[in-house]
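Here is a short note for a colleague opening this entry for the first time. Please keep the structure in view while reading.

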Amino acid sequence: QGKVHKYTEVLFGAENVFRAGTLGTVAEKNAYGYVKKYLDERSLTVNKAEEQRLTNGCVGVKRTTGQHPGGIIVVPKSRDVHEFSPIQHPADDKESGIITLHFDYHSIDSNLLKLDILGHDDPTVIRMLQDLTGLDPITVPMGDKETMSLFLGTEALGVTPEQINSPVGTYAVPEFGTKFVRQMLVDTKPTTFSELVRISGLSHGTDVWLNNAQELVRQGICTLKDAICTRDDIMVYLIHMGLDAGLAFNIMEKVRKGIVAKGKCDKWDEWKEEMRKHDVPEWYMESCEKIKYMFPKAHAAAYVMMAWRIAYCKVYYPLAYYAAYFSIRATGFNYEIMCQGKERLEYFYKDYTRRKDSLSKKEQDTYRDMKIVQEMYARGFDFTPIDVYRAKPDRFQVIDGKLMPALNTIDGMGDNAAIAVAEAAKDGKFLSKDDFRQRTKATKTVIDLMADLGLLGELPESNQLSLFDFA
């Protein structure tokens, strides 16, 4: 993401590109705290109404400034940025190296272009898959039957639904791996790429599937093909039914922004009468009245193309697929729990399942990644122990038909520590645990864990020889 942001300076000129600014304001809870403290410090007593009046006066006052996570503002070359907004370092931190607009973007969004340049894992995964397999992702066939079957069952993986606790084979497939979307697959039973695009639209919208299309499909009122899934569907369908193209567009815009659902569309009753004249069914209009946000079809199609290419590798290049997933997307992978054999994994999986309502955020991530490891074991694949001289800091490798985990999967070893171990290993063999500690700066806890896991071999405690070593 940082590289792409920097590239906008090449495209438009460094003097014309700025980060979108954000304003942090005082929330009501904090405002109430300020008022109480002010009154207490001055021994003042006021009634509740005055307390609330003072609190309301503080709410929304600027507290700090920040930066939009992906927003880039482009100022035309013929204009100066100061015509639109002062500029500053976020939170007045001169060391940040980032310059943002002082005003919140929404106060000037009718004057300047904003590019939303967000980070995205899928292209990174596909690049790693290409490096591991030599497969050009552009050549992946979009109509492959085995890949399509993942969205209906588990046969293509060579496992049963009971083995992986899922009726479909889309664990860790982007857009289709969550429990929510897997249930959508079970409900809709897609058989074509087009239907996957529709499911992606449904899953990214707000009040488009739940309490809406889901019930219509389950009751047999409509099929996935007929349901409103993306914003484009509304305009295309209404034009097909004979409505004026301009009116169809306006209806789509008011529905997809949630204006109709909020009851703020003055012409909705008039438009409904026009739709009835063209035989648009009542359920369709009722569906429109529930929608709060809709995904664009082109966006859904791009997401599904990415997901399909990754799913294709899951079927035909499984080890590369798992290596890429664990390297880039797995945030809770734990070497000690997951790489010591299937039985050990199952023991922890049952424990986490029993406690799943009280798991910490870290444990929730680990629990999610356990399911992918469980699937990998069920397919007959295995891990090879970490070799400190061959392992990468943050990337899994396929070695002799098995996966070698990254160094940062060892509990307690962060990314920087893993890089330090990999760099130290390039300088030759470690002579002892003391030597390992000095060269890698690893903590005693991590070194002891590595020794317990057998990753340090027969390394002695120190470089000094003991008479007992010769016994």
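Predicted model: local features only at pLDDT ≥ 70, side-chain atom pairs only at ≥ 80, totals over all residues.

1. α15 (318-328), α16 (335-338) and α18 each supply at least two residues. The largest share, 4 residues, comes from α18. By class, the lining of the second largest pocket splits into 10 nonpolar, 8 polar and 9 charged residues.

2. Now turn to the largest pocket, with a volume of about 850 Å³. It is lined by 26 residues. G177, T178, K179, R182 and R368 are the ones nearest its centre. α7 and α18 (361-378) each give at least two lining residues. The classes here are 11 nonpolar, 7 polar and 8 charged.

3. Look next at helix α8, residues 193-204. Its 12 residues reach 17 Å from first C-alpha to last, close to the 16 Å expected. How many of the 12 residues of α8 are buried? The count is 9, so the helix is largely enclosed by the rest of the structure. Among them are E195, R198, G201 and L202. The cover includes α5 (145-149), α7 (179-188), α9 (209-218), α10 (231-240) and α14 (297-316).

4. Finally, check T230, in the loop between α9 and α10. Is T230 buried or exposed? Its relative accessibility is 2%, so T230 counts as buried. Leaving aside residues up to four places away in sequence, T230 touches G201, M294, F295, P296 and K297. G201 is also one of the buried residues of α8.

Notes: Residues numbered from 1 in each chain as written. Heavy atoms only, no water. Expected span 1.5 Å × (residues − 1). Buried < 20%, exposed > 50% of the residue type's maximum accessible area, 1.4 Å probe, protein only. Contact = heavy atoms within 4.5 Å. 1 Å grid on protein atoms, 1.4 Å probe; cavity = no way out; pocket = protein on both sides within 12 Å on 5 of 7 lines; lining within 4 Å. Points joined across faces, edges and corners; volume = space filled by probe spheres on them. Nonpolar A, V, L, I, M, F, W, Y, C, P; charged D, E, K, R; others polar.
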